[in-house]
Amino acid sequence: TGTLTRAQALALADTHNPELRTAQWSVQAAEGIILQAAAVPNPALSLEAENFGGRGAQKRFDAAEYTAQVEQTFELGGKRDKRKRVAHAEAQLAGLDREAVRLDTRAETIRRFVGVLGAQAQVELAREAVSLAEAVARTTATRVETGKVSSMEQEKAEMLLAQKMIDRDQARQVLATARTQLAAQWGRSEPAFAAAVDDLTTVPTLPPLPDLLRRLHGNPDLARWTCEQERARAILVQEQAARLPDLSVAAGVRRANETDACTLVAGVTVPLPLFDQNQGKIREAEARLAMAEQQQRAAEAKAAAGLTSTYQQLVTATNRVAAWKSAVLPRARAVFETTQTGYAQGKFSYLELLDAQRTLVDAQTVYIDALTAVHTGAADLERIVGLQLPAHAQK
């Protein structure tokens with residue numbers, strides 16, 4: 001409730017964003033996989049009865065023999081350690097995926113927060129446009145009363161005022177939508193905050209592009225491919241170890257009813273890998289490792305290209321904002337003020353006043369859109385490199 005800063009919006013999203021919380025459950029699920037991978041195979045208890053239900057001496061259970069034994073499988077070739085290595089790699093992947101979701105959430109929250117700031121500024125601009133239109137309408141009415149202009153100009157002024165009021169209502173609707181979209185980042189269907197607070201004119205300071213390119217390794221979308229290769233190697237080693245059969249050892253006691261004697265029994269079971277030597281799984285693991293290596297190269301090239309493109313667009317947008325603020329806006333405002341004063345004195349026509357007003361409003365609208373584009377581009381750039389850019393206020 002109350003005013004909402006960017007830091008507060010990011011904190012709310014980091015704590016309550018549904019997608020981010022889902023990613024956290026994935027990390028916990030991966031921890032369960034690690035726990036399970038460390039488990040030793042359970043022993044098996046078997047009970048067996050022999051030599052009963054026949055004829056003669058073996059009729060009923062007089063000559064029956066009972067055997068109870070415990071069988072334990074021993075994994076050979078370090079299968080358990082190799083399974084744990086695969087599980088740890090999968091847990092690292094889950095952690096990197098969670099970090100990617102966190103960065104996605106942060107970037108999207110900034111975009112929506114900036115969207116609210118821009119919409120608020122557009123509403124304020126629409127209000128100013130209504131005030132200007134009201135002032136023009138009053139001036140025009142005065143001039144009509146004194147007979148300096150015809151009543152047609154007053155009709156035009158009132159029509160312009162009605163249009164500006166419609167524009168103001170549309171801007172308010174856009175703001176309401178932007179507020180709802182921002183609140184959805186922390187799982188709210190309706191916004192509770194009164195207004196977003198920040199300075200749109202504070203634009204990011206861009207480091208040199210080579211410095212940002214060197215930071216790409218910190219992007220979890222790229223780091224995950226290094227981890228994916230580790231996982232693929234671990235799976236390959238695991239499948240190679242699977243060629244070695246496991247050893248099953250059984251030991252127990254046998255009791256004969258006929259002699260009332262107990263004896264020990266023991267046995268060893270070793271599968272013979274004559275036909276199935278896990279060839280298919282090994283070949284699949286080798287292919288997936290090679291595929292992960294190629295995917296890493298493709299991801300690195302794509303990320304570098306995306307970073308370069310986003311950086312260049314942001315530079316262009318920042319330069320545009322600076323030029324618009326220093327050259328276009330002051331001139332548009334000066335022209336309107338001069339025309340407004342001259343119109344009241346009869347030096348300019350209504351069409352000239354209308355054109356000056358439209359030029360000023362359009363220039364202010366474009367400036368706000370340009371500032372919004374800069375902050376949105378900065379959020380995209382921060383998402384790629386995983387780095388928060390410093391900012392400075394425009395002079």
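This is a predicted model: local features need pLDDT of at least 70, side-chain atom pairs count only at pLDDT 80 or more; totals for chains, interfaces and linings use all residues.

User: At what angle do helices α1 and α2 pack?

Analyst: Two packed helices are described by the angle between their axes and the distance between the axes. Axes are lines fitted to C-alpha atoms, for helices over the stretch in contact, and angles run from 0 to 180 degrees between N-to-C directions. Helices are DSSP runs (H or I, at least four residues), numbered from the N terminus. Here α1 (residues 6–16) and α2 (residues 18–37) pack at about 40°, with axes 6 Å apart. That makes α1 oblique to α2; angles under 35 degrees count as roughly parallel, over 145 as roughly antiparallel, 65 to 115 as roughly perpendicular and the rest as oblique.

User: Which residues of α1 and α2 meet?

Analyst: Contact means heavy atoms within 4.5 Å. From α1, A13, D14, T15 and H16 meet P18, L20 and R21 of α2.

User: Where does α7 bend?

Analyst: The bend at a residue is the angle between axes fitted to the seven residues ending there and the seven starting there. Helix α7 bends by about 45° at W324. The expected span of a helix is 1.5 Å times one less than its number of residues. For the 66 residues of α7 (residues 279–344) the span should be 98 Å, and the end C-alpha atoms are 92 Å apart, which agrees. After α7 comes G346, with a positive phi near 85°.

User: Is Q296 buried or exposed?

Analyst: Buried means under 20% relative accessible area, exposed over 50%, and partly exposed in between (1.4 Å probe, protein chains only). Q296, in helix α7, counts as buried at 17% relative accessibility. Leaving aside neighbours within four places in sequence, Q296 is in contact with W225, T226 and Q229.

User: What does E228 touch?

Analyst: E228 lies in helix α6 (residues 220–241) and counts as buried at 15% relative accessibility. Not counting residues up to four places away in sequence, E228 touches L93 and A292.

User: How is T140 placed relative to Y343?

Analyst: T140 lies in helix α3 (residues 79–145) and is buried, with a relative accessible area of 0%. The C-alpha atoms of T140 and Y343 are separated by 8.9 Å, although these residues are 203 residues apart along the chain.

Technical notes: Residues are numbered from 1 along each chain as its sequence is written. Side-chain values use heavy atoms; hydrogens and water are left out. Helices (H or I, at least four residues) and strands (E, at least two) are DSSP runs, numbered from the N terminus.
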